[in-house]
Amino acid sequence: MNRKICIKALNEKARAIEALAKNETRSVEALEDGTKWKMPVGCTTIFDTGWETNPRASSPVGNCQPSSHDYLGCAGDCWWPAQSPDGLTNTPELELICSSIARDWRDLK
Amino acid sequence: MIYTWADHHIFTVQGGATLFGVDHGSLFSIDETTQELLSRLGGKLSLNLAEESGADREILEGLRDARLLVPEGVKQKARPVDIEIGSVPLTTMVLEVAQECNLRCTYCYAEGGTYGKQANNMDTGTARAAVRQLIEGSRDQDRVTLVLFGGEPLLNMAAVRAAVDEAEIMSQLTGKKVFISLTTNASLLDSEIIDFIHQHRIAVAISLDGPADVQDANRPDAVGGGSYSRIVGQLDGLLKGASAAVAARVTLVPEQWSRIEEVFFHLMDLGFHEVGIAPVSPIRPELLPNAEHEERLLEGFSSLARVFVAAAKTGRILPLSNLIDLLARLHMGQTKSVSCGAGYGYLAVDVEGKFYLCHRLVGEESFCVGNLSGGPDAEKIGGIMKTITCGKEEMCGSCWARTLCSGGCHYENHLREKLLGIHKGSSCSFIRRWFQLGIEVYAEMKNAGLDEMLKKLEKRVKC
């Protein structure tokens, strides 16, 4: 089906928006496991598990919070992919350069 | 990725549908399949494109590229834009050169031209100082507009001449282009004034309401006599050899709204370069229209719009300012974050050199925002803006026309809400239908391939 037949720019603003979309490419693509759950696969280095220790007394003691999540629920739809960026070692100015992770994550180097 | 709908509105007309993207002022033509999809999925709060069927996904991707589907979390609630008052250069100044008038128009919002004060004229020093402030306040802008207004400005030709002279001196000194326009009832025009207007390339807006019976009923002189024949007698001289546009500016009371077409063609036949028609401001409760009046007004504009399109198809632009201006904005996809320039790039100066938010609010002390000696009071302007936009966020937030209208005329709102005690938004329905008419006319012109003609309109709104 030709998309152009379905929706066609009428005014100049619509034309500008269409032109913008033409040059758009995906800058990133999430890796998926290919199952119906489309679970993310792997993680990037900037999302290294943090160093913040887990103060809980229970097992695994002394481990960081994100990685304890990994241990406790890393199968099927319980997989826990959203580790926090490491604000101690790799990205000490995390709050300054990435105040909103959903918006500014590209700024993390 | 999960998407959500950006605010949009669909206009269906015979032979197709037009989709309006509210945030960007974008207009798209859509086919029946897209229309069907929008009615089926348009109410869904979120959409995962990957889960939609192939055919739907294709259309949805088109809508995503048109920015009508946006990633979830990106969409923000529409809110009034907070513009720092002093940050906008001054580009238009209205000089109330005479706060008196020789006519006694029945609907005058300026109380016979005096704005509720003692009849008074601006002295030449004030006129010159105002022009200098306009030039200084315009900062890096290379074009400014000076409007000579009243009352009846021709009652004070000394100030008119001084302002024009100062504008030309300042233009020479700074290299800025100063557009000068004069709004007059034209009853005092004579050959000397006409020569002056031609020589200085002054654009003229003549307040003339149509055929003699309408004009004389609306705009009698001080002793109750008609003004039509006196004005029309001077028109030929003004139009002949005009070096800038001569426009008719019509005001009609609700009982006359059924005569719009007749009024327009009468004024066109008189040779005006443009005709703009305004429904009267309800300065008194009896001037407030009812639903039936508004219906007549829209019918009048609709039938003029049909004539406009028919003429456009033969290569002619009918000089109806209201529609031309709207089409130009729609063509460019221009959106507004404030309803007009009042208080930002636009100020009025009264005979005493006091600044007001706009020419219509002159004399309303709560809208006085400084004076020529101290300059515009940014803090006061900011305070007024906050007060008059209060509550709009809620009311306009869900309106599809918000980026075209942005709240409407401050003066009209002030009259309706403060003086007549009517609830906010009493003119919204009319305003929306007017924009809808414009969008329909625009789509029809586009579909008829009148691109070149629409391109010609661009210069009316290009900054």
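This is a predicted model: local features need pLDDT of at least 70, side-chain atom pairs count only at pLDDT 80 or more; totals for chains, interfaces and linings use all residues.
Visitor: How many residues does chain B give to the contact with chain A?
Guide: Two residues are in contact if their C-beta atoms, placed from the backbone, lie within 7 Å. On that basis chain A gives 16 residues, and chain B gives 27 residues.

Visitor: Which element gives the most to the side of chain B that touches chain A?
Guide: Helices (H or I, at least four residues) and strands (E, at least two) are DSSP runs, numbered from the N terminus. Elements giving two or more residues to that side include strand S4 (26-30), helix H1 (32-41) and helix H2 (54-65) of chain B. The top giver, with 7 residues, is H2(B).

Visitor: Which residue of S4(B) is the bridge partner of Lys8(A)?
Guide: Strands pair if DSSP finds at least two bridges between them. Strand S1 (residues 7-9) of chain A is joined to S4(B) by 3 bridges, and the two run antiparallel. In S4(B), the partner of Lys8(A) is Ser29(B).

Visitor: What share of chain A is buried?
Guide: Chain A has 5 helices and 1 strand, in the order α-β-α-α-α-α along the sequence. A residue is buried if 20 or more other C-beta atoms lie within 10 Å of its own, exposed if 12 or fewer, and partly exposed in between, with C-beta atoms placed from the backbone. Of the 109 residues in chain A, the buried share is 11%.

Visitor: How many residues are in the largest nonpolar core?
Guide: A nonpolar core is a set of buried Ala, Val, Leu, Ile, Met, Phe, Trp, Tyr and Cys residues joined through C-beta atoms within 7 Å. Leu146(B) is among those with the most contacts inside the largest one, which has 127 residues.

Visitor: Why does this core lie between domain 1 and domain 2 of chain B?
Guide: The bounds come from an automatic or database domain assignment. The core lies between them because residues come from both domain 1 (2-76) and domain 2 (88-347) of chain B.

Visitor: What distance separates the centres of those two domains?
Guide: The contact takes 4 residues from domain 1 of chain B and 4 residues from domain 2 of chain B. Taken over C-alpha atoms, their centres are separated by 42 Å.

How values were computed. Residues are numbered from 1 along each chain as its sequence is written. Chains are lettered from A and ligands numbered from 1 in the order in which they are written.
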